[in-house]
Structure formats: C-alpha cells, structure tokens
Amino acid sequence: MDHQPKFFENLSGTGKAIGVLTSGGDAQGMNAAVRAVVRMGIYVKAKVYFVYEGYQGMVDGGDNIVEVSWESVSSILQVGGTVIGSARCKSFRTREGRLQAAYNLVQRGITNLCVIGGDGSLTGANLFREEWSGLLEELAQKGKIDEEAVKKYAYLNIVGMVGSIDNDFCGTDMTIGTDSALHRIIEVVDAIMTTAQSHQRTFVLEVMGRHCGYLALVSALACGADWVFIPEYPPEEGWEDSMCVKLSENRARKKRLNIIIVAEGAIDCHNKPITSEKVKDLVVQQLGFDTRVTILGHVQRGGTPSAFDRILASRMGVEAVLALLEATPATPACVVSLSGNQAVRLPLMECVQMTQEVQKAMDEGRFVEAVRLRGRSFENNLNTYKLLSHKKPDAELPKTNFNVAVLNVGAPAAGMNAAVRAAVRVGITEGHKMFAVIDGFEGFARGKIKEISWGDVGGWTGQGGSILGTKRTLPAKYLEKIADQMRTNNINALMVIGGFEAYESCLQLQEARSRFEEFCVPICVLPATISNNVPGTDFSIGADTALNAIVETCDRIKQSASGTKRRVFIIETMGGYCGYLANMGALAAGADAAYIFEEQFDIRELQANVEHLTEKMKTSIQRGLVLRNENCNENYTTDFIYQLYSEEGKGVFDCRKNVLGHMQQGGAPSPFDRNFGTKISAKAMQWISKKLKETYRKEEGKVFANTDDSVCLLGMRRRNLVFQPVAELKTETDFVHRIPKEQWWLKLRPLMKILAKYKTSYDVSDSGQLEHVAMHSPKEAETGAI
C-alpha cells in the first residue's frame, strides 16, 4: 500500500469531553479498554470522564460522572471485570431517564460517549444519540439549559466496543472477554480430564451462551470433546441413539473418558431445550456409564484477562478515541471491532440488526442460515469440529493410496500437537495413509517413521511441547538418506510443522528437487514457534501461549512489589532477534519500555527512558516494568540495563531483574493456539489433498510436483489465511537474523508508548474508514477466514 502515512497529531481533542462507561454483563478486558480510552483521550488533550455503574450512573449523575486523570487507570490492566461498575438500568429505557442522562452530560459538556457492552447496551446508546437533539430541546423548554447549550452541544457522537464473553455480536471476530472466558473453560476441562481418566467417567460440562454457541463450540474444538450441543446447530432427529453409539465406540477404542459440552441455550430441532441434566440421564440410562455434570457458571466471567484480550481491548480503546475525534454529525454511531488481525469500524446498527437476524433465523428453525449469519469464523469452527470429532466407518472412507508424512521441526511450541492431530484426522478422512516422523529430519533420515491412526492422536490437543519429538537439524546434511526413506515408505506429500527451521528446511528440499525426484511432492509448512518470526504469517502456533506465560509472570512480579518502596523490574524475554514477545508482552502487561532489535536504540534513549520513569515515580505510581528482548543489542545487555537503571534511579526507585527463560516454551497450549493449530492444519491437509490430485501422473502411477506453488507456507495475513510459495517468501526474509523484513506488530509500538505516557507519532492510515457488515457467501468460509 503506497499511501502517505496519516498521523493523528493533526487530530486534536482540545475542547472535547469523552465519557466512558461499561454496561450490561461484565467481561474480562473491559478495564484494559477503559484504560486505553482514558490515556488516549488525555494524550490528545481531551477531557475524559468515568461514568460509574453504566447507564444507571448516567441517569443518577452527581458523583457517578467524574473527570479522571492519567493515574486513575494505573494498575487496572490485569484486573478482571470492570472497575467502573456495570448495572442493568430500567430508567434509561424510559424517555424520562434519558432526558435526565442528557442533562447530566450537558452539565459537564460531554458530547462523546464510548460505550463498552453487549448489543443491548449499544442499541440503547444509538437510540440516545438519535433522540439527543430532541432531548436538548425539551431541556431548554423546561428551562433547565439555555439555547446557547443547545447549539453548543447539538450532536452526540457514539463509539461502541463489544465487551461480551459469549462472542455473540455480528461483525467482529472476537469480542472483548471471549478469549479469557475460553481460558477459564479450558483450565477446567484440563483439570476434569485428569480425574475422568482415573475413574473412566463421562463428564457433561455446561458452559455459558444462552443464544450463542461460540464458547461451547470452540472449547469442544480445543479439548477434542466427544459431542457438543449449541443453539445454532441442533442435532438431527434420533441424536440420542447416535450420541450413545459414538460414546460406546470411543470406550471400545480404549478411550477412558468422554467429554460432552452443552451450551446453556442448547436446543433440539423442535426448539426444545437440551439441558446438561437431560444429557446425563440419557447416558446413565442407555449406557450405564458413571456420569457427572459440571456447570461452570460465573467462573467463566471471572479471573484476569488473557494477553489476547488485553491487547485487543487496548487496540480497540485507542481506535475508539480516534473514531470519536474524527466523527462528524453525519457519521453513524459505529463499533470498533476486529476482523482477522485488522481493527475495523462498522456501523453500529448494521451489526445489531445482523445479530438480531441470527436469533430470528434460530427461532424460525432456519439453522443453516443462522450459522452463516454468525460469520465465517463461526462457520469455520463448526466445519472443522465436524471433520475432526466423528470418524466414519472404514468402509465409508475413500481410498486414495497416497501416503502423507507429518513432522515437527525446530524448538517445541505449544499447539504443535493439536496441529498434528488435526492433520492426521483430516488426512484419514480424505482417504490417505498418515505417517508420523519422530524427531524431525534427523529422525526421518534414521527411518524413525510409522503409520499413525485416528485413535493414536486422541487427547493430543491439550498437550504442550511436541509429542512426535522435534529437532532443529536441517535436512541439507541428510538429503540422500531422507530421499531413501521417502522412497522406501512411498511418501507422496509432507506436512512440516515448526518455526524458522521448518521454513528453511522446505526451501532446502525444494532446491534439492533437481537432484532427488523424491522431493517432487506437495509440501506444506505450518508456522509453529513462540518467537513468531516466520515470514508470511502474522501469527505462529505457540506465540499466544508464550505471551500468556510472560504476561502472567509480569503480573506476579509487579504484585511482588506492592506495599514496598518504588521498584522497577527489568525482564528479559525470548524470541531470538524477533521482538514480538517483548513488544506484545509490554503492551499486555502495561510496561514502560520494551527494547527490541527491530528498533535500534542508543544510550540517549536509555537515558530518556530512565528520566521518564523517574518523573513517573515521583507521582503516585509505584512500579515500573521494562522488557528486553534477549538479542536486542549485544552491548546493552540485561545486566547493563539493570545497572544503568539502578544507578540513575538511586533515591527514587530500586531495581530487580528477571530472565524468564524456558518457562516461555512450556505449559499447556492456550485456547487460541489449540484452535489456530487445529484450523490451519485442517486447511493445510485439504490443500495437500488438492495438490496430490493435481500432480498425480496416471500413466506413471506416481505424484510429480516440481513447481514453486507445490511448496507453500500457510499463514494468516491480516484478514485471511493464505498459501504462499516458500520461494516467493525469500525476498521478505532477513536470513541472518531469522526474521521477516517487515512485521505488522511494529505498527503497535507507538500504542505501547502512548499508554506509557510517551510523546510519539502514530500512523493511523489503516483506520478511519467506516466499512459495512459484509454477508459472506458459503464459499468464503472455506477460503479465507480463521
């Protein structure tokens, strides 16, 4: 995109007042959004007000609407729920109530509202906006305000952010709180699995989602549940028998436990509720299995927000302020939301109408339509779940006579096993014979390769590390032996899951095609590394888990200093030369600085950072956090930075340092990594099948693929999943430092600086255009989204 960067310096908020409120059910991450709105608002010189207790506070006025300062939102980033309170408000539903609310806002000169809530809260805000001029007229007639005020405050601008754990709002891929709710559910499922395993039990888990099955569906996908009930996709007639058959088949395959997930709003095809108790009774009566019910309830709303939700909410909060600054009387109320990895603005009422359409379709029994209206991400989840959870009888499976091998390369990353599981199961469904290679290319050369079945990968989604074993060795020194193994086992395609080494390996295999015909087969790379340093993709499997580990540790470290004197922590993260973990960790943990290789810094900048922190510490702020990527600079080491800060901060703060090390690589995969790994792997397998059909030479009876587009990397780029020939990615790669030449997240760096009170310039070229809610065709669900 060759546009002139547009910076927001020319957008001034002087003379503007912004009110921020949270309304409806609470969700983790709301505080991060509130913090971002306040700090960005103050940064552009607007006045910012808290409206406590949602719309109720707006109607009651008085102490419920308070101007806030920078420090007011210090230390709330890691707190769940909402610190400004939320309440259901009957009086705001009446015109009288809204009249009072308008009066309270005009008294303080607030004509910009940022509302964080669900579709009910946002619809209410839109109605308020439409009535605004009428309400002011009425207040003037009653003599409560003068004509001057009517003119001065003639328009109300509204920007919404969707805070809801259910992810039930159309137009956005993820609402604030959804990812954290999935974290809570998956923590519980992982814990239940160990006890169920011990006793050979069946567990029925009820999760939230009265009208939307997103949480149930994604958690079923992330833990490999045996069966899932959601409102949008009721089971067919006679589901009772087919479910029991499926459960007993699984037991017969030596599976010691069954997990069934029920959304609280689950229904059958006659719109009758399916409750967790009903499912339990059915299993007990028909199969006699030892069955327990666990209702998760409000646990899902609680706890600290995940790294994803903090970053999402911070991005949305800043975007919301920009939208308010740019709003004119003619712009409709909008919602800032996420599409793929892109912040977008959408007309609020279009989203609300579409959300209501889903409910209508469900009420009228048009379930296929309901799933389509939910959006491409939901539809993709459902299709992937259906593909992976039910194995067709062998007689019904196609037979392609193709052999496909899967291997892990590089360092372990959480989510690799979920990707292997999906590849194996989709491969088997497509009719291929699947082979697992143990210990990467080194194992391949030694012939450590075996056929792997559907049941072999059961329970793999929740396992951290790499079950197949992984090595950093590149294939170059074993080419002949690997070619031999490919010939001996008649391998017709390869799926390579791993980090930068996986990408380099496939380049080497492609270059060796002229010497070894065995490598003339379809090859697909799936990016899996905590460093997120693979070219051709915005995200890698494993990076989200590592980010959560960093953020959780930073929270603990910050808390360790509470009540003591002022303290600054210097924390070193992994990532090789790639600053993704340090930068995003800093954004999610509310750090003051992040030193990375991609943005060179010198002693003057270090000095400025120290002075900045010293100034901050003279206010009510007690703790500082500085992140440093392990390879950001060979001379400014973690020790050097620690000593510099210690010396310069004498008398104001003291310092501690922490090197996080390999804890960033371990742990159970986060819901995002399980889901991402599963979905991209299923998609890659379908691509391999397509390529096998295209490159099969009937007359010779073999596969022959030697074009560039038969060795691809599947990555997420902005809004879509794309297959890119590895040969074409060479120009985008810095091979010396093993990073892509351009990285999308560098655009978020100024965001971290603004939220840490630095003056900086922020390119907002990507934002600002109001889009429309697009209805997608069923075809699109297969191609693009994640």
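Me: How exposed is Arg 487, and what is its relative accessible area?

Reply: Buried means under 20% relative accessible area, exposed over 50%, and partly exposed in between (1.4 Å probe, protein chains only). Here Arg 487 has 49%, so it is partly exposed; Asp 484, with 34%, is partly exposed too. A note on the source: this is a predicted model, where local features need pLDDT of at least 70 and side-chain atom pairs pLDDT 80 or more, while totals for chains, interfaces and linings use all residues. Residues are numbered from 1 along each chain as its sequence is written, and side-chain values use heavy atoms, leaving out hydrogens and water.

Me: What joins the side chains of Arg 487 and Asp 484?

Reply: Side chains of opposite charge can pair when their charged atoms come close. A salt bridge puts a side-chain nitrogen of Lys or Arg within 4 Å of a carboxyl oxygen of Asp or Glu. Arg 487 and Asp 484 form one at 2.5 Å, N to O. They sit three residues apart in helix H16 (residues 479-488), about one helical turn. Helices are DSSP runs (H or I, at least four residues), numbered from the N terminus.

Me: Which parts does the salt bridge of Arg 674 with Asp 190 tie together?

Reply: Their closest N and O atoms are 2.7 Å apart. Arg 674 is in helix H22 and Asp 190 in helix H6, so the pair links parts 484 residues apart in sequence. Arg 674 is buried at 1%, whereas Asp 190 is partly exposed at 24%.

Me: How many salt bridges does the structure hold?

Reply: There are 41.

Notes:
Helices (H or I, at least four residues) and strands (E, at least two) are DSSP runs, numbered from the N terminus.
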